[in-house]
Amino acid sequence: MKFGAITNSWRERLENESVESLVGQAASRGATHIELRQTCLAACESGEGDAWRPNIGNLKALVALYPDMSFNLAVAYPCLSQSAQPQSALWESMLDAAIAVSPNAPHLRMVDPARFDALWESPDDIPQTAMSIAALVQSAAERDVTLSMENSGQPIRSLAMLVQAVRDTLPSEQGVMLGLCPDPTNQLRIDADSDPVGEIEALPVDMIKLAHFKQTRDGEAIPTVDSGDVDCHRMLQALENKGYTGAAIMEIPPHDDVFDNLTVSFDYLRG
């Protein structure tokens, strides 16, 4: 498993430091994977919303500085709450960027920030807008790009149900390109009595494309991955037991000591 970091942890430092330097600092603390989060890429991007575009040349130059590091791209994109638009310039630019930062194993994580009226407990609850993600999967699969989804308004079990429903509509070689980025801390905020790590334990390993680690205590975010509301050691063990070999990304909150907090988080999980 690759322990990694995400660039939105350094959002406040991008005014004075380059993203290249910040990636280097994460690497010096032991990170072997970096999730490049849209809006936190400095000179590697421009514009916002539908006008967002990656700077492909700068992205390629960034990853070339760290040949021993793996990367993926993460974007805010309404992939569940709006009908898919696989022919749009924005979508094509997202795929271009995902390929630029990891040409041998491109991976695009899509975060839909929308909230829904209720949790999806059966396939009948899934809105047609969410099912239309199948068109994005087909488009991405044509370019060998893996897709993972995240939505803080639905639990892991509901998103897994969506993935399976979409996979059932596609050829298997395309369907397997869609999966999840489970985040148990997000789930506890919307379903406090649930067992999100248990829901990760129930997932087939090919549905887990990324994993995010962060922590709260009594519902309040803390600056490290440590003991708290989520049993992070149990989560790590569940991933290892499945044979998951992808990235375990520390989603450390922005902080003056963000890199010290990253080290503490790595040490805690390794301990």
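**Note on the strand 6 region and its sheet**

1. Strand 6 and strand 7 (residues 146–150) are joined by five bridges and run in the parallel sense, where strands count as paired if DSSP finds at least two bridges between them. Within this pairing, T146 of strand 7 is the bridge partner of H107. Helices (H or I, at least four residues) and strands (E, at least two) are DSSP runs, numbered from the N terminus.

2. The model is a predicted one, in which local features need pLDDT of at least 70 and side-chain atom pairs count only at pLDDT 80 or more, while totals for chains, interfaces and linings use all residues. Residues are numbered from 1 along each chain as its sequence is written, and side-chain values use heavy atoms, with hydrogens and water left out.

3. Strand 6 (residues 107–111) is mostly covered, as five of its five residues are buried, that is, under 20% relative accessible area, with exposed meaning over 50% and partly exposed in between (1.4 Å probe, protein chains only). In a regular strand the side chains alternate between the two faces of the sheet. Here both faces are covered, with H107, R109 and V111 buried on one side and L108 and M110 buried on the other.

4. Strand 5 (residues 70–76) runs parallel to strand 6 and is joined to strand 6 by four bridges, and V111 in strand 6 is the bridge partner of A76. The chain passes from strand 5 through helix 3 (residues 89–101) to strand 6 in a right-handed β-α-β crossover, meaning that, with the strands pointing away from the viewer, the path from the first strand over the helix to the second runs clockwise.

5. The open sheet consists of eight strands in the order 8-7-6-5-2-1-12-9, with parallel pairing. Strand 8 (178–180) and strand 9 (211–213) stand at the edges with a single partner strand each, so one side of each has no neighbour in the sheet.

6. The axes of helix 2 (residues 56–64) and helix 3 come within 8 Å and cross at roughly 25°; axes are lines fitted to C-alpha atoms, for helices over the stretch in contact, and angles run from 0 to 180 degrees between N-to-C directions. The contact (heavy atoms within 4.5 Å) is made by I56, L59, K60 and V63 of helix 2 and D96, A97, A100 and V101 of helix 3.
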